[in-house]
Amino acid sequence: MTKHLVARANLTVLIMLIAVLALVGGATWNQIDMARSARLWTQRANDVLLTIKDLNIALRDAETGQRGYLLTGRDTYLSPYNSSIAHVTRLAGKLQRLANDDSVERDSIAALDPILQKKLEELAQTIVLRRTVGLDAALTAVNTDAGRNYTVAIVAILDKMTQHENIVLAQHQQTADTRAIRVRWLVISGIVLAAIALVWAARMLNRAWSNAYVLEAQQRQVASQLRASLDSLTQGVGVFSPNRQLVNWNACFQSLLKLPKALVRNGTSYTTLVDYLAESEGEFLETEAQLRLSRPKRNESIVYSRHCSDGSQVEIRRSPMPDGGFILTLTDMTKRAQAEAVLRESQKMQAIGQLTGGIAHDFNNLLTVVLGNLELVNSKLANAPDLQKKIERASWAARRGATLTAQLLAFARKQPLSPKPIDLATALPDLVPLLTRTLGEHIDIRYVERAGLWPAMADAAQLENAVLNLALNARDAMPDGGRLTIETANVVLDEEYARLHSEVTPGDYTMVAVSDTGHGMRPEIVSRVFEPFYTTKAEGKGTGLGLAMVFGFVKQSGGHVKIYSEVDAGTTVRLYLPRSIEEAQATSTQSIEPVVMPSSAATILVVEDEAAVREVTIAILKDFGFKVISAADGEEGLRLLGTHIGEIDLLLTDVMLPGELRGRDLAQRVSALRPDVPVLYMSGYTENSIVHHGRLDDGVNLIGKPFSRDNLIRRIVGILQDSASTSATNDELSGGNVVSLKSWPA
């Protein structure tokens, strides 16, 4: 027996005595309150019933006086009628006040008032008819039975109220009786409970051993909570004793280490786990020798990471325990590593994009000037073939520079795409003849077609360039000849694949695979093949931008690229393009036809801030007979538009203009003033003004710099023809002036 137990027993007795006193006092107060409430309800119910009875009597007296007057026509019979009418009004008001606290009674009174008023009006109306017209008129009004119906309705409502009041009174009486019985049993129960509590308090003094039971139950609860907490962790936790035996673990510990159930049990030695993992994963956990040599200080942990055979990455933390054991904490770092890789890739892409965007505009402007002037000069040297060859070489170099810039923009995902549903089963076979001529006869090209191929959502021209780049790389990997295989398939990338490749969105894809039987690549080379300017070719043999362009195009299209390669076995590059929900439209290859020029030379407003680009563009347009109005910025172009509002047939503007009025803004102003004037944008690097999410806005015409003379004229004439054919107010084009343009190399 302890002081603690005695104090608890005394406290229990005191609490029970206070509880009994409170119970008795509460019961007494409750009885007084019930008696008062019952008296008030009884008085109210009696008042309501009495008022209803008086109202019935007063109403009958009023009808009696009315009938007497109707029969005799003597005013003495109106005396009881007049007194009863006043009494009815007073009783109705009293009844409304008494029943105001009962919702049912309020509804009955609300229904009674209009009927009562109509009844009183009916009585008064018949009296007036008897006095003014005569007995027959009054009896006619009475014979309509309206008054009788009102009386029946009033009596029905009053009877309903009487029945309701009787029911309410009975309910309150029953409630009072029930509460009295409940209080009586409550008092009895309280006394019984007090007696039981006193007995329990006395026995508690002799049951000191119960403390140990309570403590044991608490320990079991704590252990259960700790087990639930361990199992809820996304980290694997394994606890080892001082003799390095497993004593506790959670489900994630077994899952991350991929251990069989037979090994995960109490008493399994740490060495057994090390040996088992060494068979499948190599050196994974620290060995016994490493544990002996590395003795961390208290509260210090040893942290290391391991790569699993399935591609996942696990961080392992060994923390010492006070008793000499240790805890292994395993964390799945796969998603974090993938996120860091995606972040690094994003930062690299952003840096390249900024670099590319900074130089692309100016560089393409320079190439436009060079290429345009070379073409102008070349057109004047028909009698100098030697000079034409030199100019052709210079033009080829300029176009090569433009290609390199375009490849950089493609890798940085800043090229304007025009994705549409593509039927690969139709588009890819058309590339085989071109690849045969390009790669040479020593390369055996095979195309494997799959039935039921889904349409792909991509830019057809860029896809052809991507396949051509992959084919050229495959050719370089097979200098002595080999086999190039192009195959397609429908592929579903599931959640598990997306988990291992964080940049992939699960869904349906159309796959294009380009495989070769070349010398293959080592893993360290495969990890870098998509980097810009990285190449395994000899110096001067490649720029390292071909695969980078493929990578950027697929990523910008919302797809995925996967490369597989083995040394001396070959390489396979798989392009996963998003599946299109729309059906692909059939495309046909059209030959270059003569351009039909308008019979009257069109007037073109050229807005370009670079003077050299503006001059060469004007020269090309004038060389083909167009009238040109030029401006150096958007503000000047808008002023010239106002001056020549009725003359301009087309706006040719750079996207990036100095000042606040950019190319898109200027086009919108022109469209507001002249909706029939088409717009052709030109730019060496497109900002988000006409390209959003890597895609050219619908209805936007864009020609990239540097452009060839023929390409510029063909685009302008085509836009003018489209504008003329869709406008009912434009003059029809005549066939008078036909200019045949030759196809220049792109």
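The legends below describe close-up views of a predicted model.

**View 1. A nonpolar surface patch that includes Ile188.**
Six side chains make up this nonpolar patch on the surface: Ile181, Trp185, Ile188, Val192, Leu193 and Ile196. Together they contribute about 580 Å² of accessible area. Isoleucine 188 belongs to helix 5, which covers residues 146-204. Its relative accessible area is 40%, so isoleucine 188 is classed as partly exposed.

**View 2. The hairpin of strand 11 and strand 12.**
Strand 11 (residues 560-566) and strand 12 (residues 570-578) run antiparallel and are joined by seven bridges. Within this pairing, isoleucine 563 stands opposite valine 573 of strand 12. Three residues lie between strand 11 and strand 12 in the hairpin. In the turn, aspartate 568 has a positive phi of about 65°. In a regular strand, side chains alternate between the two faces of the sheet.

**View 3. The salt bridge between arginine 244 and glutamate 288.**
In the whole structure, a search finds nine salt bridges. One of them pairs arginine 244 with glutamate 288, with 2.6 Å between the closest N and O atoms. The pair links distant parts of the chain, 44 residues apart. Arginine 244 sits in the loop between strand 1 (236-240) and strand 2 (246-249), whereas glutamate 288 is in helix 9 (residues 288-293). Arginine 244 has a relative accessibility of 22% and therefore counts as partly exposed.

**View 4. The salt bridge between aspartate 623 and arginine 709.**
The side chains of aspartate 623 and arginine 709 form a salt bridge, at 3.3 Å from N to O. Aspartate 623 is partly exposed, at 35% relative accessible area, whereas arginine 709 is buried, at 12%. Both residues belong to a network of salt bridges that links Asp623, Arg709 and Asp710.

**View 5. The salt bridge between arginine 674 and aspartate 676.**
The closest N and O atoms of arginine 674 and aspartate 676 are 3.0 Å apart in this salt bridge. Arginine 674 counts as buried because its relative accessibility is 14%, and buried means under 20%. Aspartate 676, with a relative accessibility of 36%, counts as partly exposed.

Methods:
Residues are numbered from 1 along each chain as its sequence is written. This is a predicted model: local features need pLDDT of at least 70, side-chain atom pairs count only at pLDDT 80 or more; totals for chains, interfaces and linings use all residues. Side-chain values use heavy atoms; hydrogens and water are left out. Patches are made of residues with over 30% relative accessible area and no salt bridge: like charges are joined within 9 Å, nonpolar side chains (Val, Leu, Ile, Met, Phe, Trp, Tyr) within 5 Å. Accessible areas come from the Shrake-Rupley method with a 1.4 Å probe; for residues, only the protein chains shown count as cover. A salt bridge is a side-chain nitrogen of Lys or Arg within 4 Å of a carboxyl oxygen of Asp or Glu. Helices (H or I, at least four residues) and strands (E, at least two) are DSSP runs, numbered from the N terminus. Buried means under 20% relative accessible area, exposed over 50%, partly exposed in between (1.4 Å probe, protein chains only). Two strands pair if DSSP finds at least two bridges between them.
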